[in-house]
Amino acid sequence: MSEDVTKQVREVVDAVYRSESRHVLATLIRLLGDFNAAEEALHDAFTVAVEQWSRDGVPANPRAWLVSTGRFKAIDGMRRRARFDASLTELAQQLESSTSEAKEWDDESVEDDRLRLIFTCCHPALSPEVQVAMTLREVCGLTTEEIARAFLTTPPTVAQRIVRAKRKIRDARIPYEVPSEKDLPDRLDAVLRVVYLVFNEGYSASSGGSLTRHDLSAEAIRLGRLLIELLPEPEALGLLALMLLHDSRRSARTSPTGELVLLEDQDRSLWNRDQITKGVSLVERSLSSRRVGPYTLQAAIAAVHAEAPIAAATDWSQIVGLYELLFQADPSPVVELNRAVAVAMRDGPLAGLTLIDAILARSDLENYHLAHAARADLCRRLGRTAEARASYERALGLTKQEPERRFLERRLSALPDKTC
Amino acid sequence: MKYMLLIYGDEQALSENERQDCYAESTQLAQQLHSNGQYLAANPLQPTAMATSVRVRDGKRLVTDGPFAETREQLGGYFLVDAKNLDEAIAIAARIPTARKGTVEVRPVVEIPGLPTG
């Protein structure tokens, strides 16, 4: 066999690995009932593939071939180890007879397996940072090093989280199942929270200019797509729409020097039209379900912004209305603050200021820098320079992000000198 | 698989009537679990004021009043159940009356050989 053929086969195997390894892993976990055994079997199957595909050619259905080979390798391995541990003989037999049907790994059950894997990695019995690490590792196939880099931690920390999670999945017997209809809304919420957390981790840090963190947003969008393909629930559609609409403004939200650019000041020609079109159509699809939740409403708000050709043309009445609905679905002070800002845009700064002062008077958002920044901005527009200055300073004292700090300092120094 | 459901709550929080209601509801739950074949054992415990802690150090027995640690929620009872997996155990835990006020901790049981059965 020529070297060229080997090289070609290796390329094919690499491509199959990229497109199929997560599918194959998800199914092997179900068949073998164990994450570690499945990972080992996956590795073995690809090793055999390199060898055998160069000799016999690539099989018609590589995915089924890999599952079947991985399963065979695992059973074979158990038999060999059974010489030292008799209990494995029985296990190997059980495995062989209970999973011998090829329909066990047809396309439909494989798709279900991907969903099982997502729900298992996002099981509420695992802590949130473990859910994130498990999802990125097992569902997305990121390496421990990549996850550590993205979350500014060390590979051993991530590895340890994953080891502990797998042990808990096995020993506390977290089931490898798509939750029952009764539990689905809560469990889907947990999955969406993980996806959104991954997205925000990449999105909010993008001003740092670190490419790996941008990749994290892309990974979250990929996860969102996978999720709606497997389970097109309205809130899953809403979350994907929200991520696409936010991501569409990526290149407009920071200046070439890394400074923060407010929505109203962004160069809208830099917005990604393709993502906006997709986002808007997903919002519409979700809204038509009449089962609207917080992600869909936030996406709808982002869609209204996206559809305004210039900032001055923004339909603030519609945005206020959507914030009313969002506040009903998610009555948090942050939503209330955003609604107040929208009211200020619709009815003028004084109306908004009254609402913000009422929120701050309840001391819910006393230490939230954006509440003071929003107040400062409204005072500035009303010409109440002294009050604006005090609120900008308060916001400055509370913010931890460098680009935000620089933004607030610029605003502060742009205030007229004379205090009134 | 066996799971121990440890029931924690503020033992001062219940009136005598509420305690009786809690016992009645828990008994009913135990009966339902029994008819599903999931019940192994369950009992409420006397309050921590009735507790005695025992330690043996250097062969010497130390007996003291009270529980090992003072906390806001005290262990007040348990269910030992047989469940297919963690989700099934969580579903049972959520039906224990104290779950609505206190906390139910779900712990998988380690099966070791040599214990008497039945």
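Student: In chain B, what share of the contacts with a separation of 6 or more is accounted for by residues 24 or more positions apart?

Tutor: The model is a predicted one. Contacts here join residues whose C-beta atoms lie within 7 Å. Among the contacts in chain B with a separation of 6 or more, the share from residues 24 or more positions apart is 73%.

Student: Which pattern of helices and strands does chain B follow along the sequence?

Tutor: Chain B has two helices and six strands. Read along the sequence, these elements follow the pattern β-α-β-β-β-β-α-β.

Student: What percentage of the residues of chain B count as buried?

Tutor: The C-alpha atoms of chain B fill a box of roughly 45 × 40 × 20 Å along the principal axes. A residue is buried if 20 or more other C-beta atoms lie within 10 Å of its own. Of the 118 residues of chain B, the buried percentage is 18%.

Student: Which strands stand at the edges of the open sheet of chain B, and why is one side of each left without a neighbour?

Tutor: The open sheet has four strands with antiparallel pairing, in the order β2-β5-β1-β6. The twist from one strand to the next averages 20°. Each edge strand has a single partner strand, so one side of each lacks a neighbour in the sheet; these strands are β2 (39-44) and β6 (103-108) of chain B.

Student: What angle does the direction of helix α1 of chain B make with that of β2(B)?

Tutor: Helix α1 (residues 16-35) of chain B packs on the sheet and touches β2 and β5 of chain B. The angle between the direction of α1 and that of β2(B) is about 170°.

Student: How many residues does each chain give to the contact between chain A and chain B?

Tutor: On the side of chain B that touches chain A, there are three nonpolar, one polar and one charged residues. The contact takes five residues from chain B and, from chain A, six residues.

Student: In which sense, left-handed or right-handed, does α11(A) pass α13(A)?

Tutor: The axes of helix α11 (residues 234-247) and helix α13 (residues 294-307) of chain A come within 8 Å and cross at roughly 35°. By class, their contact has 10 nonpolar, four polar and one charged residues. The crossing of α11(A) with α13(A) is left-handed.

How values were computed: Residues numbered from 1 in each chain as written. Chains lettered and ligands numbered in written order. Predicted model: local features only at pLDDT ≥ 70, side-chain atom pairs only at ≥ 80, totals over all residues. Axes fitted to C-alpha atoms, helices over the stretch in contact; angles between N-to-C directions. Left-handed = near helix turned anticlockwise from the far one by under 90°. Nonpolar A, V, L, I, M, F, W, Y, C, P; charged D, E, K, R; others polar. Contact = placed C-beta atoms within 7 Å. Pairing = 2+ DSSP bridges. Buried ≥ 20, exposed ≤ 12 C-beta atoms within 10 Å, placed from the backbone.
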